[in-house]
Amino acid sequence: MSENEEKRPEVGKKLHDARVAKGYTLDDLQQATKIQKRYLIAIEDEKFDELPGDFYVRAFVKQYADTVGLDGEDLLKEYDDDLPKAKTDEYSEHIAQAVETRATSKRKLTKVNDARKYLPTVIAIVIVVIVLAAIWLTAIVRGHRDSSTKIDNSSVKVSGESSKKSSSSSKKKSSSSSKKTSDSIKLTASTRTSSAVTFIGDALTKDTTLTIKTSGQAWNAVTVDNSQRLSKTMSANQTEKINIAKNAQTIVLTLGNASATTVKLGNTTVDLTQNNTYPNTRTVTIKLGNTTQSSSASSTSSSAVTTSTSQSTSSTAGSSTTSGVASTSSTQTSVSSTR
């Protein structure tokens with residue numbers, strides 16, 4: 001044994017010669033095999049006790065041989081007696097660790113590959129979510145803008161409708177006021193006594209209602225153009241309405257209790273008693289439009305007839321006077337000639 005120990009180990013020399021033949025330095029071999037340089041030196045010097053364990057001796061020797069171009073398996077078989085035997089438990093433990101390490105690395109690699117596989121899908125999903133979020137935010141902003149625009153439009157519409165309503169109401173008021181004005185009839189008292197009164201008014205523009213209302217019991221009669229339209233005793237709070245044609249000329253009311261009677265022609269209240277100055281008014285005559293014109297025309301025609309008559313009388317008298325003078329003159333001429 002001592003002689004064998006003094007000899008240079010053949011396995012270490014064989015590995016050394018193969019490295020040199022490849023042109024590798026220990027640094028090159030360390031970088032290629034990832035085995036520390038001191039372990040490589042220990043392998044070449046066959047100082048196997050400097051390695052971490054018997055298992056690593058065989059593993060490092062095999063890896064060394066494969067790197068420098070030798071067959072690692074054949075080398076281990078060739079120098080099986082010179083290399084330390086790895087213990088079964090230790091070998092199994094290292095194998096288990098190696099297997100576990102490889103399985104772990106494979107699982108990690110698988111997870112990485114799976115992650116890479118699903119990465120495009122995840123990116124696509126993220127992009128879709130971002131796009132949907134942008135669309136949602138845009139819809140919300142547009143909704144707010146539309147609501148504000150609707151509010152503005154509704155306020156404009158409301159203001160427009162209010163102006164329309166105000167204009168329509170003003171039109172209605174003006175039309176109602178015009179109606180009231182058209183229904184109003186101006187009556188002027190031409191003559192009034194303690195028991196009778198005569199009113200003069202314009203001709204009616206349309207059929208008008210004559211309304212008689214009593215606050216106490218009263219007998220009342222109405223005649224329109226010599227046609228009797230009412231004759232009855234009215235009780236308190238009773239109302240009678242008579243339609244007056246627009247071409248009516250004379251309305252005559254006979255009142256039994258003027259103080260308790262109210263008369264309206266259209267929207268015009270007839271002042272029967274002149275604010276109760278004449279409470280015993282019995283006869284009320286209302287002459288409308290054409291009556292006054294015909295009376296004035298008749299008076300004009302009568303005055304014209306009178307003037308014509310006077311002119312005729314004057315001309316007759318003149319002619320009589322002229323004939324008398326002529327007769328006297330002829331008589332005097334006859335007497336003169338006789339003499």
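Helix 3 and helix 4 first: these two are roughly perpendicular to each other. This is a predicted model, so keep that in mind throughout. Helix 3 covers residues 26–33, and helix 4 covers residues 37–44. The packing angle is about 110°. That falls in the 65 to 115 range, so the pair counts as roughly perpendicular. The axes lie 9 Å apart. The crossing of helix 3 over helix 4 is right-handed.

Who makes the contact? From helix 3, we have Leu26, Asp27, Leu29, Gln30 and Thr33. From helix 4, Lys37, Leu40, Ile41 and Glu44. By class, that contact holds 4 nonpolar, 2 polar and 3 charged residues.

Now the strands. Look at strand 10, residues 283–288. Leu253 stands opposite Val284 of strand 10.

Last stop, Thr214. This residue sits in strand 3, residues 208–214. Is Thr214 buried or exposed? Its relative accessibility is 2%, so Thr214 counts as buried. The cut-off for buried is under 20%. What does Thr214 touch, leaving out residues up to four places away in sequence? Asn220, then Met234, Ser235, Ala236, Asn237 and Gln238, and finally Ala260 and Thr261.

Definitions and conventions: Residues are numbered from 1 along each chain as its sequence is written. This is a predicted model: local features need pLDDT of at least 70, side-chain atom pairs count only at pLDDT 80 or more; totals for chains, interfaces and linings use all residues. Side-chain values use heavy atoms; hydrogens and water are left out. Axes are lines fitted to C-alpha atoms, for helices over the stretch in contact, and angles run from 0 to 180 degrees between N-to-C directions. Helices (H or I, at least four residues) and strands (E, at least two) are DSSP runs, numbered from the N terminus. Angles under 35 degrees count as roughly parallel, over 145 as roughly antiparallel, 65 to 115 as roughly perpendicular and the rest as oblique. A crossing is left-handed if the near helix is turned anticlockwise from the far one by less than a right angle, and right-handed if clockwise. Contact means heavy atoms within 4.5 Å. Ala, Val, Leu, Ile, Met, Phe, Trp, Tyr, Cys and Pro count as nonpolar, Asp, Glu, Lys and Arg as charged, and the others, Gly among them, as polar. Two strands pair if DSSP finds at least two bridges between them. Buried means under 20% relative accessible area, exposed over 50%, partly exposed in between (1.4 Å probe, protein chains only).
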